[in-house]
Amino acid sequence: MVKKGLLERLREGVVIGDGGFVIALEKRGYVTGGPWTPEAVIENPDAVRQLHREFLRAGSDVMQTFTFYSTDDKLKLGGNEVGNEFTCSEINDAACRLAHEVANEGDALVAGGVTQCPSYTQGKGKEVIQDQIRDQITVFVSKKVDFIICEFFMYIEEMEWVIEEVKKSGLPVAATMCIGTGGDHRGVPPGECAIRMAKAGADVVGVNCMYDPYMTLDTIREMKRALDGAGLSPFLMTQPNGFYTTGTGKYGYLECHEYPFAMEPRVITRFDVHKYAREAYDLGVRYIGGCCGFEAYHTRAIAEELAKERGKLPPASAKHKTWGGCNQLSAYSFIAKRCGREYWEELVPSSGRPKKPTHEVNMNSN
Ligand SMILES: [Zn+2]
């Protein structure tokens with residue numbers, strides 16, 4: 001059976017993305033926090049395969065290759081110390097095989113993922129950046145991915161260079177920047193970034209990582225307003241963090257004092273995700289997913305909130321009822337009462353910790 005492509009799916013309805021691989025696999029013991037490189041695709045393929053599978057069961061329509069930070073300049077930077085001995089080509093090759101394998105267990109597409117290169121902030125220029133990206137894309141094309149996601153870019157200039165290079169593959173391109181309402185790291189506003197991504201040739205534009213779903217929606221709202229004003233209509237995409245980031249500045253969740261090893265109290269609930277998915281959809285976002293902190297149960301909440309629009313529930317919903325309805329089956333009557341939308345939507349969870357937070361206010365990263 002021939003799979004429908006990304007753009008066709010977006011024209012017809014919603015595409016659900018996946019979640020955060022580096023953060024999830026660090027907690028499970030397969031990634032080193034700090035360098036955050038993806039050599040696990042070679043060292044522990046079962047761990048990566050299982051995470052893909054969990055997102056597929058939760059409703060993800062896209063298996064994004066686990067190739068975050070997989071450029072040779074970055075792999076060499078952080079890699080040696082944690083024993084990474086692999087090249088970008090070796091990692092991307094293995095990542096494609098895993099993503100395809102699991103995508104074919106369902107009806108998911110495979111997206112090759114490319115990210116920012118350290119060479120950009122080192123001032124090495126357009127040619128060097130495009131060389132780094134070309135190495136990644138060569139593997140993606142030969143491994144027949146369905147489209148490319150350029151994500152986690154802080155500078156619109158670097159993003160434009162990357163889109164220009166990626167476009168040569170002839171594949172559809174999704175482009176998301178890790179920025180908030182303050183714009184890129186030179187202060188280019190989100191609206192202007194969106195226009196420039198669209199003009200560079202991205203079919204899908206938006207925001208990923210760094211901020212919680214609601215802050216991310218504020219940014220995509222600005223992008224949409226500017227795109228409408230410019231008469232441009234690329235598809236919109238959001239893949240926010242699964243952490244609350246209220247009050248953070250231009251580095252988003254990286255500014256949280258708890259980042260990266262004590263973020264648990266900031267994790268959003270599945271019910272927060274219902275609200276996010278509905279607001280994103282109503283805003284016109286058609287590629288709705290998550291990034292760091294987003295686990296499969298969050299993705300399932302997107303699929304459950306949009307079940308009517310999609311005409312289906314994901315396989316993982318066989319073990320779950322929307323809005324905690326399965327709690328009715330609890331043997332304890334006081335728990336069985338905690339069920340239904342009214343209860344869970346109103347709930348503001350406590351952290352349960354006896355001490356006050358060490359830092360109640362986020363300090364600026366600078
Ligand atoms: Zn992320």
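Between which two elements is the loop that holds Cys292 found? Cys292 sits in the loop between β8 (287-288) and α13 (296-305).

## Basis

This is a predicted model, in which local features need pLDDT of at least 70, side-chain atom pairs count only at pLDDT 80 or more, and totals for chains, interfaces and linings use all residues. Residues are numbered from 1 along each chain as its sequence is written, and side-chain values use heavy atoms, with hydrogens and water left out.

## Annotated cysteines

An unreviewed UniProt entry lists Cys209, Cys291 and Cys292 under "binding site". They are spread over 84 residues of sequence, yet cluster in space, with a largest C-alpha distance of 6.3 Å. UniProt annotations may be inferred rather than shown by experiment.

Cys209 lies in the loop between β6 (204-208) and α11 (213-229); helices (H or I, at least four residues) and strands (E, at least two) are DSSP runs numbered from the N terminus. Cys209 counts as buried because its relative accessibility is 1%, where buried means under 20% relative accessible area (1.4 Å probe, protein chains only). Cys292 is also buried, at 6%.

## Contacts

Contact means heavy atoms within 4.5 Å. Leaving aside neighbours within four places in sequence, Cys209 is in contact with residues including Phe152, Cys178, Cys291 and Cys292. With residues up to four places away in sequence not counted, Cys292 touches Gly20, Val22, Ile23, Cys209, Asn241, Gly242, Phe243 and Tyr253.

Terms used. Buried means under 20% relative accessible area, exposed over 50%, partly exposed in between (1.4 Å probe, protein chains only).
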